Amino acid sequence: MFYIYCPYCGEHREEEEFHNQGQAHIERPADPDSCSDEEWGNYMFFRKNPRGLHHEIWVHAAGCRKFFNVTRHTVTYEIKEVYKMGEQPKVVAE
Amino acid sequence: MSQKNRLQNGGRIDRSQPLTFTYNGKKFEGFAGDTLASALLANGVDIIGRSFKYSRPRGIVAAGAEEPNAIMQLGATEATQVPNVRATQQELFSGLVSGSTNGWPSVDNDVMGLVGKFGGKMMPPGFYYKTFMYPQSMWETYEKVIRKAAGLGRSPNEYDPDIYDKVNQHADVVVVGAGPSGLIAALTAARGGARVIIADEQNEFGGSLLSSKESIDGKAAHAWIADVVKELEANDNVMVLPRSTVNGYHDHNFLTIHERLTDHIADRAPNGQVRQRYHRVRTKWVILATGAHERPLVFGNNDVPGCMVANAISTYINRYGVVPGKELVLMTTNDNAYHTAIDWHDAGRKVQAIVDTRQNPEGELVKAARDRGITVIAGSAVIDVHGGKRVNGVSVASINEDGSKITGSVKKLSADTVASSGGWSPVIHLSCHTGSKPVWNEDVLGFLPGKTVQKQLTAGAINGTFNTAGAFEEGKKAGLEALSNLDLNAVEVAIPATIDVKESKAMALFHVPHTKPTSQAPKQFVDYQNDVTAAGIELACREGFESIEHVKRYTAMGFGTDQGKLGNINGMAVAAKILNKSIPETGTTIFRPNYTPITFGAIAGRDCGALFDPERYSAMHKWHLEHGAKFEDVGQWKRPWYFPKAGESMQQSLDRECLATRESIGILDASTLGKIDIQGKDAREFLGRIYSNAWAKLPVGKCRYGLMLKEDGMVFDDGVTSCLAENHFLMTTTSGGAATVLNWLELYHQTEWPELEVYFTSVTDHWATMTISGPNSRKLLEELIDSDVDVSKDSFKFMDWKPMTVAGVPARVFRISFTGELSFEINVQANYGMHVWKKLFEHGEKYNLTPYGTETMHILRAEKGFIIAGQDTDGSVHPYDLGMGWAVSMNKPFSFIGKRGMQREDCVRAERKQMVGIKTIDPNVVLPEGAQGVFDPTAPIPMPMVGHVSSSYWSACLGRSVALGFVKGGLDKMGEKVYYPLVDGRIVEAEICSPIFLDPKGERQNV
């Protein structure tokens, strides 16, 4: 069970308080109506499944209800960094 | 015959406290301080079970958590049954009732034993896969017989009467294991000011010291242990947990500890005490001081009762004062096991011989044994054991230097006990739990903890440091390292004095050769619990299972409740030998949580019965109870389902509730609908993006129905949202979907459109909501509001809302309808709910005001063709599939969520399944929900299916059945036929129609 630092609460809390919301940094296309079916399909359905560093969104569901980003190693489950929505990761895969 | 194997003196038992217990229906006596296993051995009980596959008689082989055979069923009553308890870990108490878990009809005379005796060759690995797979339909029958014969224990059929607790803990350092290294580590960390938890699975601290005659600092080991425990217990920063197994080591230094508080006292926890406690610990550092398990050797018939792991015998002698036999043969690859022969000899029993697999054993212990006159047969091995229900002799032969073959003739020796030692395997289980791969160490001849990302330190035998002096050194080092990592100051801890015994080099031998090839030799057991033999592993390798992971799964090695604690490394060695590889080349061994089995009681804790899941009640719940409501679960809500009157069937209640509503007035407690208060200057813009329809022009005082879609265009929730003020809206959601919708709104606000100024607050519980519905509902409302408030047809229109005072209480009243009748939804602050509800009934009596529940609500809305999100939608239907294109505004400036999705190729094709009404030709037939429709009931099976029935009811108001469902291209097939072949063989003929069965023009709600 993970021990997650909420950047808004400024504290580590147990994983039970959080929900994973999937891959981070997927931007909704600014003009969906001009997307091809393929582009829209990629936005909706295609997700990375890396062996290694993964940037993902978590929500402090049973806490402050804020969404934030986590860089997590999918093999060791280490949380390398936590950063607020709108910010970019500092730890990235080579 | 009482305790024939008990010594007169010595051990950690109290001979002044005899305890009576029952095993397989017979009464026995043991002493306080015994385990069930030591007491059984004291009484000369040889057979404690039958083996899993071959049903061979089995005896106790070990003295701790690694025991594979002595798996007991405990419990004096049905409610207190506990399966899978290792007799070696169960402390004896007066009145303990135990039994073997396998063996049928009894362990001494077992039907399946014949299979094991004569059918051995007929049961190779994969036997069950190969034999019982065909015909597949018979598997369930086979399985029942196999389960009964194999006997895996059984769970109680009654409620567990005991209380179990869960506790969350935080610590600086958790020390796992209270042997010499763990005790020193804890002492060091504690003196340095760290918050320490030290846990050990045994009733007494001391670990290996409890089994030996060692002295520490010149005094008996237990005296030294007592001093350390006293200091730890006196320290407020230290939690001392005996009888507590650290069962799991999880990510980010999270440990689960299973503490047994009363299992050693009685069958049931006395005086309502907590029986077991499950500690969930988050700790900054972990020190693993988990010790090592001695490995038995693999040789012919090494499972005959009387064959034991060498050190276990020392434990029984030194700790429990029990010598489990008369005549011992010890086979060893190392010096350390000589202790066992010496202990046996010093207890006054005969050591027939020490069979040492090394050509020239020398060393202090070898000398000590020889000095006692014990025969040492060097360069030899026990290759076979004789005897059925107990060992009566062994065959010994000389072997070559690397132990690969027999070099001399076979000699027989008499013995009733065979001890074997192949060295020690560090207990690396916990370090494996977090994904760390163990690494083979050639000096230790075992796996050591591998690289880890956890904040983990190790000390003592887990590192292959098997002597006490080394364990102390490493324990202190780990303690100091933890202190330094925690930024605490180092402290002085004196290393206690021990007497160092020099040991000579051990031999790497796991599988003892036989004069015959392994496949023809007597069975050489590797994994006792799952009956895996060396021949079986060889066969698996020959059949092409070369990866050790495949070998394990094919043979079931390590898949028992003991997780192969004794057998896994021997099994790998056997596989390595036949594959001509080294052990590390063969692979590694991984252990998973839990270290030993844990009870469901401890896992559940108090989260059972009434506390299993929270129940949510509306403000009027008590009234519903008093009026005999039947309830249904909607999410965590308890909602009235229907309100039967005396003698009424469910259908009679529903018919009465439906008719009363359509004819006069019905009332529904709608408090459970999700309510989200939305405020901010961009609230309106946000609604336009999140809903499929238009919100830009909704004036204050008006309500609008909206569909909420996912990006793929599919409906996931619906509800009415009202404009309370220019920048203030109240959204309602389905009862079960409230939390999901709130999260959905937050997700899009926080991640996509943070620039919008909008705030969401859940207000579901703040309001009590009661819906009065039916032609007389206006009259009833008028009686309860101020006379100057006009709720007439034209000044309080359909889809209006108004603040007003109802029954003297401030209220929001919404003129919206889910029944198709004139309808008012009255919302008051929740704590006024009951008051208003009762007032409504006071005034409503003359109108036959009738309470109805969710089932009548479903019928009334189905008559009107209104959908229920989650019942008529399943994540695969978009608004047009539902015939609800009217709720989609394609020309909103912002491309709302779902707009692009529902324009995808697949979403706009013809012949999609569309929601329609379904009218059975026989009006009395009510279709089952979920029934699949076909166009041609004479088509060959499998018939092409065209859509399912999603809602179906008997409508008392229409005097016939009504159903909603999906049909391919259904919206263009009005009046056409569709057929429903049912499981009972009937084929129901129906006509596709409009989903609006009642009042298609909507006149009833506009009065």
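A residue counts as buried if 20 or more other C-beta atoms lie within 10 Å of its own, as exposed if 12 or fewer do, and as partly exposed in between. Keep that in mind as you work through this predicted model.

**Exercise 1.** Find what percentage of the residues in chain B is buried.

*Solution.* Start with the chain length: chain B has 1007 residues. Applying the cut-off to them gives a buried share of 52%.

**Exercise 2.** Decide whether N84(B) and N253(B) are buried, exposed or partly exposed.

*Solution.* Take N84(B), which sits in strand β6 (residues 82–86) of chain B. N84(B) has 20 C-beta neighbours inside 10 Å, so this residue is buried. Now turn to N253(B), in the loop between β13 (244–250) and β14 (254–260) of chain B. N253(B) has 19 other C-beta atoms within 10 Å and is therefore partly exposed.

**Exercise 3.** Describe the side of chain A that touches chain B by residue class.

*Solution.* First, count the contacts: 22 residues of chain A meet 22 residues of chain B. Next, locate them: α1 (37–45) and β4 (53–59) of chain A each supply at least two residues of this side, with α1(A) giving the largest share, three residues. Finally, sort by class: 13 are nonpolar, three polar and six charged.

How values were computed. Residues numbered from 1 in each chain as written. Chains lettered and ligands numbered in written order. Predicted model: local features only at pLDDT ≥ 70, side-chain atom pairs only at ≥ 80, totals over all residues. Contact = placed C-beta atoms within 7 Å. Helix = DSSP H or I, 4+ residues; strand = E, 2+ residues; numbered from the N terminus. Nonpolar A, V, L, I, M, F, W, Y, C, P; charged D, E, K, R; others polar.
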